[in-house]
Amino acid sequence: MPVLLIADDHPLFREALRGVIGRVFPDAVIHEADQIPVLYDLVDSCPNADLLLLDLDMPGSFGLGPLGQLRNQHPQLPIVIVSAHEDPLLIRRALDHGAMGFIPKSSDADALGAALLHVMDGGTWVPDASAASIAATRDALPGEPAMAANVRELTPQQFRVLQMVGAGLLNKQIAHELQVSEATIKAHMTAVMRKLRVSNRTQAVLIAGRLGLGTWRYGAIASNPRGEA
């Protein structure tokens with residue numbers, strides 16, 4: 001039986017997705033999350049899930065950060081973005097960060113079903129009408145795919161540190177929030193700069209901002225953070 005995860009904070013849209021999934025995969029097991037912290041726990045508890053349908057606009061979400069973190073921590077999990085936003089640049093960046101597809105919420109049930117079947121067969125799906133525009137963004141910003149590939153090398157904790165640096169926190173503050181030593185934070189930041197192929201913190205933060213990853217916000221992690229020290 002396929003196991004599918006739905007992450008969306010709108011009950012009516014989750015219901016609509018369940019209906020489409022039920023028609024396409026009648027024997028599917030479906031689990032749901034309505035906020036990002038709940039999603040992280042859900043993914044941990046379903047390590048062999050076949051697909052995650054992820055809305056980017058959820059409580060606890062900031063930019064493409066959750067997608068990047070999930071791709072780092074669970075690289076085996078196929079993720080499809082389901083979003084009300086249809087900006088070609090956002091779609092391109094989501095694909096660069098490892099999403100298997102991007103389904104606009106404006107899609108009808110038939111299009112949703114076709115997209116799910118295509119992705120579950122191992123393909124990548126984007127709206128036909130957006131394909132040319134997505135290609136144009138890649139031509140206009142040719143360095144971003146390589147930057148996104150470098151970001152995917154970060155561990156979950158390194159990813160958090162990068163976002164917190166982007167929010168303006170000092171090493172001492174980050175160490176306090178993550179309950180580790182300042183030396184650990186310095187080591188993480190050194191690793192971040194090495195993996196991103198930059199020489200200082202400012203350049204690393206600029207890359208994260210350019211890729212639309214967002215920055216850390218207070219309350220975005222629990223008092224006992226996940227991942228390695």
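Reader: What joins strand β4 to β5?

Author: In this predicted model, four bridges join β4, residues 79–83, to β5. A pair needs at least two bridges. Four bridges clear that mark, so the two strands count as paired. They run parallel.

Reader: Which residue of β5 is the bridge partner of Ile81?

Author: Phe102 is the bridge partner of Ile81. Ser83, in turn, stands opposite Pro104 of β5.

Reader: What is the order of the strands in the open sheet?

Author: The order is β2-β1-β3-β4-β5, with parallel pairing.

Reader: Why do β2 and β5 stand at the edges?

Author: Each has a single partner strand, so one side of β2 (29–33) and one side of β5 (101–104) are left without a neighbour in the sheet.

Reader: At what angle do α3 and α8 pack?

Author: Helix α3 (residues 65–73) and helix α8 (residues 156–166) pack at about 155 degrees, and their axes are 9 Å apart. That makes α3 roughly antiparallel to α8. The cut-off for that term is over 145 degrees.

Reader: Which residues make the contact?

Author: From α3 come Gly65, Gly68, Gln69, Asn72 and Gln73. From α8 come Pro156, Phe159, Arg160 and Gln163.

Reader: How do the residues of that contact divide into nonpolar, polar and charged?

Author: Two are nonpolar, six polar and one charged. Gly counts among the polar ones here.

Reader: Is Ala33 buried or exposed, and how do you know?

Author: Its relative accessible area is 2%. Buried means under 20%. Ala33 is therefore buried.

Reader: Where is Ala33 found, and what does Ala33 touch?

Author: Ala33 is in strand β2. Leaving out residues up to four places away in sequence, Ala33 touches Ile6, Ala7, Asp8, Arg14, Val38, Leu39, Leu42 and Met58.

Reader: Which residues have the most contacts inside the largest nonpolar core?

Author: Leu39, Leu52, Leu54 and Ile81 do, in a core of 53 residues. Take Ile81. Residues up to four places away in sequence aside, Ile81 touches Leu54, Leu56, Leu67, Ala94, Ala99, Gly101, Phe102 and Ile103. A second, separate core has 18 residues, including Leu4, Phe13, Val20 and Val80.

Reader: What makes phi of Gln179 worth a mention?

Author: The phi value is positive, near 60 degrees, and the residue is other than glycine. Gln179 lies in the loop between α9 (171–178) and α10 (182–196).

Reader: Why is Gln179 called exposed?

Author: Exposed means over 50%. Gln179 has a relative accessible area of 52%, so the label applies.

Reader: What about phi and accessibility at Arg197?

Author: Arg197 has a positive phi of about 60 degrees although it is not a glycine. The place of Arg197 is the loop between α10 and α11 (201–210). With 54% relative accessible area against a cut-off of over 50%, Arg197 is therefore exposed.

Reader: What does Gly22 count as at 34% relative accessibility?

Author: Buried needs under 20%, exposed needs over 50%. The value of 34% falls in between, so Gly22 counts as partly exposed. Gly22 is found in helix α1 (residues 11–24). From Gly22 to Gly113 is 9.7 Å, C-alpha to C-alpha, at 91 residues apart in sequence.

Reader: How many helices and strands does the protein chain have?

Author: The protein chain has 11 helices and five strands. Of its 229 residues, 49% are buried.

Reader: What share of contacts comes from residues 24 or more positions apart?

Author: The share is 71% of the contacts with a separation of 6 or more.

Methods:
Residues numbered from 1 in each chain as written. Predicted model: local features only at pLDDT ≥ 70, side-chain atom pairs only at ≥ 80, totals over all residues. Heavy atoms only, no water. Axes fitted to C-alpha atoms, helices over the stretch in contact; angles between N-to-C directions. Parallel < 35°, antiparallel > 145°, perpendicular 65-115°, else oblique. Contact = heavy atoms within 4.5 Å. Buried < 20%, exposed > 50% of the residue type's maximum accessible area, 1.4 Å probe, protein only. Core = buried A, V, L, I, M, F, W, Y, C linked by side-chain atoms within 4.5 Å.
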